Each structure stands twice: as structure tokens, then as C-alpha cells.
Amino acid sequence: MTGTRAVVLAAGRGSRMGSLTSDRPKCLLEAGGRTLLDRQLAALRAGGIAEVAVVTGWHAEQFATVPLPRFHNASWARSSMVDSLACAWPWLTEGPVLACYGDIVFAPADVAAIAGESGPITVAYDPCWLGQWADRFVDPLADAETFRIGDDGRITEIGGQPASVSEVRGQYLGMVRFEPDGWAAIVDALAFADARGTRRDMTGLLGWLIGNGFPDVTGFAVTGPWHEFDHATDLDAGRHVLAELDSALFPA
């Protein structure tokens, strides 16, 4: 087992899912007889993560029977993923934490690999992102963000609006591993953003750190399968990924 803990960020409304999330957060949506959270927990545990918590917000009562430690973001409606993660402050200051957005599914092998990384901040990304984005969007660049990474594994740009595919060497998954000093750097970036009124989302803060000389934001290229479920149409677009993961995570 790795010493890394995991926190699933599930506080948001998930409004792009429409009526599907009117009474539950996205991670509790069912597809193929299982919730996204079922698959996340199975992958995290198979990847060697012994302790997993969830950050709640929208319809927090839906987690009453979920056997996980819970942190609550009472300000979920007007805050970012970073604010939700900050609710797990005790864990973030004690040791390494793998933060996972509540609307993604992923493979145990990628969990094990990124959990075993070292360094202040390690960002999971998909170098083969374009296929998934082309399946999900008429214009893949409309939803993508810039991402550049050096030969040494350090990310040199993240979070901008790309003008061409050449500016996107990979796409951020919604999974980041923080060690306590990396989280402290994010807290500093968040304070700066609040003082200046600039972006306070995850990639915006990571981009600020990189642009201001913080050298230790590294990338980890996943091999998959993985999928993001941000729109109602993703339930169909990601069906093949769910089937592939289910066959490995829940063998008959």
C-alpha cells in the first residue's frame, strides 16, 4: 500500500448534466448498474490507496450511507475545486494526497503509478487526449486548455486557451498529487489570486505557480483507460470506457 491518501472532490452542482444531477452529485450518477464513485473507489483501492475521503456539497445527504470519511464544503455554490480540496486541510498538511475530481473514471495502474511519484505537485495528463475530445465535442479546442511539458517532466504551461492542437501536448485529467509543500504553494497562489482578482481554479493556480518560477509542477502521463463525465452526452460517449474498466475492476 502507498502512503498517499485520496480525496474525491464531489461538492459541485454538475449543472451541465441538466436534470440528471437535480438530486445528486455527479459522482453518484449510475451507468451500467454502478455509480462513478463505485468505480473510483475500486480503482483507488486496487491502485494501493488505503484511505479515501470525499468532499461533499450539493446534496451532501446522498453520502449518508457511503462508508467514507467526509469533508464538507458549505460554500460549494460559490467556490472552486481548490476550495473544496481545502476542506481536506488536515490531510493535505499531514502527507501526500491524490485529489480526484468526482466526474472522472480511471485505471488502477495509473493510480498506483501517480501515487508512487514524489515531488511537491504531480499533475496527471493524457498525451492522447484528442480522440476523447473529438468524440465529445464538435470543436475539441473549445473545451481544451493549453498544456506544454519539458523533456525533464516539468510542466511549462497549463490552463490557457489554445489556438491550435500544437499547443496541447496533453490534457489535464482532474487528478493531482500534492505533497504538503506543494499544497502550501497552492495556498500562496490562492491568496495572490484573491488579492488580485485573478483565476482561482486549479489549472489557473498551477499556471500562476509555473509562471512565477515555482519549478516543481511535474506531469505524469496516464495510459488509461479514463473518461470525464461533464455533460449528459458523456454517458454515451464514455460507455466503452466504463465497460472496459468494469471488466477489470469487477470481474464476474
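Author: The largest pocket has a volume of about 940 Å³. A pocket here is an open set of points, on a 1 Å grid over the protein atoms alone, where a 1.4 Å probe fits, with protein on both sides within 12 Å along at least five of seven lines; lining residues have an atom within 4 Å of a point. The volume is the space filled by probe spheres set on the points, which are joined across faces, edges and corners. The model is predicted: local features need pLDDT of at least 70 and side-chain atom pairs count only at pLDDT 80 or more, whereas totals for chains, interfaces and linings use all residues. Residues are numbered from 1 along each chain as its sequence is written, and side-chain values use heavy atoms, with hydrogens and water left out.

The largest pocket is lined by 34 residues, of which Arg-16, Met-81, Tyr-101, Asp-103 and Asp-230 are the closest to its centre. By type, its lining comprises 14 nonpolar, 11 polar and 9 charged residues. Nonpolar covers Ala, Val, Leu, Ile, Met, Phe, Trp, Tyr, Cys and Pro, charged covers Asp, Glu, Lys and Arg, and the others, Gly among them, are polar. At least two lining residues come from each of α2 (81-86), β11 and α7 (202-211), and β11 provides the largest share, 4 residues. Helices (H or I, at least four residues) and strands (E, at least two) are DSSP runs, numbered from the N terminus.

Strand β11 spans residues 171-178 and contains Gln-171. With a relative accessibility of 4%, Gln-171 counts as buried; buried means under 20% relative accessible area, exposed over 50%, and partly exposed in between, for a 1.4 Å probe and protein chains only. The side chain of Gln-171 reaches the backbone nitrogen of Glu-145 at 3.0 Å. Leaving aside residues up to four places away in sequence, Gln-171 touches several residues, including Asp-126, Trp-129 and Trp-133, a contact being heavy atoms within 4.5 Å.

The second largest pocket holds about 190 Å³ of space. Its lining has 14 residues, and the closest to its centre are Asp-126, Gln-132, Pro-225, Trp-226 and Val-241. These lining residues divide into 6 nonpolar, 6 polar and 2 charged.

Helix α5 has Trp-129, Gln-132, Trp-133 and Arg-136 as its buried residues. Seen down the axis of α5, these fall within an arc of 95°, so they line one face of the helix; the arc is that of the directions from the helix axis to the C-beta atoms. Their cover includes β8 (121-126), β11, β13 (227-228) and α8 (234-237).

Pro-225, named above for the second largest pocket, lies in the loop between β12 (217-221) and β13. A cis peptide bond, with omega about 0°, joins Gly-224 and Pro-225. Strand β13 itself contains His-227, which is buried at a relative accessible area of 3%. Among the residues that His-227 touches, not counting those up to four places away in sequence, are Gln-132 and Arg-136, as well as Asp-103 and Val-241. Of these, Asp-103 is one of the residues closest to the centre of the largest pocket, while Val-241 is one of those closest to the centre of the second largest pocket.

Terms used
Polar contact = N/O pair within 3.5 Å; in protein donor to acceptor, adjacent residues only side chain to side chain.
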